[in-house]
Amino acid sequence: MYKYDEYDQQMVDVRVEEFRDQVRRRVSGELTEDQFKPLRLQNGLYLQLHAYMLRVAVPYGTLSGAQMHLLGDIADKYDRGYGHFTTRQNIQYNWIKLEETPDILAELAKVEMHAIQTSGNCIRNISSDQFAGAAADEIIDPRPYAELLRQWSSFHPEFLVLPRKFKICVIASETDRAAMRLHDIGIKMVRNDAGEIGAQFYAGGGMGRTPMIAPLIREFVPLDQLITFSEACLRVYNRYGRRDNKYKARIKILVHELGRDEYVRQVEEEFAHLLTQPIEPPLAELERIKAHFVDPAFETGLSNDLDLTDPDFRLWVERNTTAHKVPGYVIATISLKPVGGIPGDASADQIRLMAKLGTEYSFDELRVTHAQNIVLPHVKKADLYTVWQALDEAGLATANLDTVGDIIACPGLDYCSLANARSIPVAQKISERFGSAQKQAEIGELKLKISGCINACGHHHAGHIGILGVDKKGLENYQLLFGGSEGADTSLAKIIGPGFTEDGVVDAIEKATQVYLANKQGEERFLDTYRRIGMDPFKEAIYG
Amino acid sequence: MVDVQFRFRDDEAVNDPAVTVDAFSEQSNATAVRIEPGEDARALLPYLDRIALVEVNFPAWTDGRGYSAARILREAGYAGELRGVGDLVIDMLHHMRRCGFDAFAPDKALNTTDAKNAFERWDNVYQATAIDGRQAIWAKRHPA
């Protein structure tokens, strides 16, 4: 994985000192809270309902064992002993003191981590495929391109105060595991007819109040024009994105209002101009970055056999592991969704244990997934049982990846100052209702996503089943949506009818799964059956 | 007229009143012009050789259009004074320099020590803006 050189290290060190100075000016009263807010947001520091929340960047979701270990230590030392992994592959701490944040950042900088641009109206942490470098189906590792973009977007002087936040995702597989087309810019690395690698650009996707799937804006951007083209996309947005209404300020609204073709025309015009400016890093820089992402020293000639006599292990292997590109290895996903737990939360001890397993059994690498789980990307099959036993002992061996128990949920009204309803208790109730492994296995893949307000941080638009918490005359009310997907077959979920109480929505989901099981043909997933038979049979069972 | 608090030029400061972009194209003798957010900096490109001062107004520093306006003018070869005016903050001074601003006239005077620190804080930068004369980190990594 990428290692800082002296320049990268100096950039984060200087940033820590800059932020320390900003906090000093805030504490002394030189800055008012109104003046400080956009500055602290550029560094991932929010003021939530009860305390400050600090969001730490995990670039493209990749972590070393030492980095993960420190995240556990920070949870102990500065928070209440746990951290929360987010849908953008980051981690956030919910109980932070303003005065301590510069020290936290200084500790992070020692392991090459930071909180730069994890919020605010700027280019956020670049996300990617959590299986990058390990997946059997990728054409190339997407992370070097994400790292190139990370450096370009860090403190970009022109794009620090955009109309609104800006999220970029880079993938390189046909199977989209990162919801690429639901980003402000989605980039898919592709190979053209001449066999060259380049970048396919999508722009104007997003969730929030107005969910949109990003249209393709360019088939192929050559690698030696990647930064220049990105800069053109951003400049058109910075100049013409709406600033009169924050709910219409994302690039998706600009692309929608101009129309895709007109946006493309403007970008191409700006691109042609910017190509005359010497702003593109040389390919040698990309090669330098790529050298950090060469495969670890995989052993060859390993057996693919796995002893599955332990039935609990077998269940976990079937549910939570994915094929690796190298024989004898496997990708293991650690579910942070125990029955009745808070999705994405992990205790300091659990975080340190995962760090240790990553170091010892996965070539010192871990990943955070946008579904709020942790991945050990390169586990030798011969070690898998040992790894599983250690996870099981720590309450980390829940076998529910991509099932109804593997819920994505935003922090909701328990923490967030924007929320209209709580998300966590609903997730917990659903997880308990479908707690039995047998029930989950019967229902199979069912991606369930909960947001506590229309900002959609819990990705409810992209859930096979989505839940949206709203405020109905002072009471929490939950709308149910069906049919969303974030994969290569991206679609947006639709509201099925009137909303429910907290318990009512859990009952409705159970009825929906019954309709699915009664109508399922062959290997169909819930989503496939829903797409085939439509909403009516479900509505009838739920409201009839 | 607000005072210029920081200036990084050796020539005489221009004190002509700046006219609006619309008025400018009709006034053949004007040498100073002021761009508001939302106005197209490229409208000035045909006249760059007779402009001595461009003011870019920031009613709020969080409206980032002025940063693009500045870069566009510099990329087109504009060499006169480029002055940021309005709601300027310490924490953007360095980035404004990188976008091509070389004079700063904030509504409220900024703490000079803090401002000096801000201008000098970053020894290195990740991007080439092609206009501020600074070498990007990638260029230092791969000397020609």
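What share of the contacts in chain A with a separation of 6 or more comes from residues 24 or more positions apart? The answer is 67%. The views below show a predicted model.

**View 1. The fold of chain A.** Chain A holds 17 helices and 20 strands. Its C-alpha atoms fill a box of roughly 60 × 60 × 55 Å along the principal axes. Of the 544 residues in chain A, 56% are buried.

**View 2. The surroundings of A:Arg367.** This residue lies in strand β14 of chain A, residues 366-368. A:Arg367 counts as buried because 27 C-beta neighbours fall inside 10 Å, and the cut-off for buried is 20 or more. Leaving aside residues up to four places away in sequence, A:Arg367 touches A:Gly61, A:Thr62 and A:Gln130, as well as A:Ile374, A:Val375 and A:Pro377.

**View 3. A:Arg367 and A:Leu226.** The pair is 141 residues apart in sequence. From C-alpha to C-alpha, A:Arg367 and A:Leu226 are 25 Å apart in space.

**View 4. The contact between chains A and B.** Chain A gives 30 residues to the contact, and chain B gives 26 residues. On the side of chain B that touches chain A, α2 (65-75), α3 (93-98) and α5 (137-141) of chain B each supply at least two residues. The largest share, five residues, comes from α2(B). By class, this side of chain B has ten charged, eight polar and eight nonpolar residues.

Key. Residues numbered from 1 in each chain as written. Chains lettered and ligands numbered in written order. Predicted model: local features only at pLDDT ≥ 70, side-chain atom pairs only at ≥ 80, totals over all residues. Contact = placed C-beta atoms within 7 Å. Helix = DSSP H or I, 4+ residues; strand = E, 2+ residues; numbered from the N terminus. Nonpolar A, V, L, I, M, F, W, Y, C, P; charged D, E, K, R; others polar. Buried ≥ 20, exposed ≤ 12 C-beta atoms within 10 Å, placed from the backbone.
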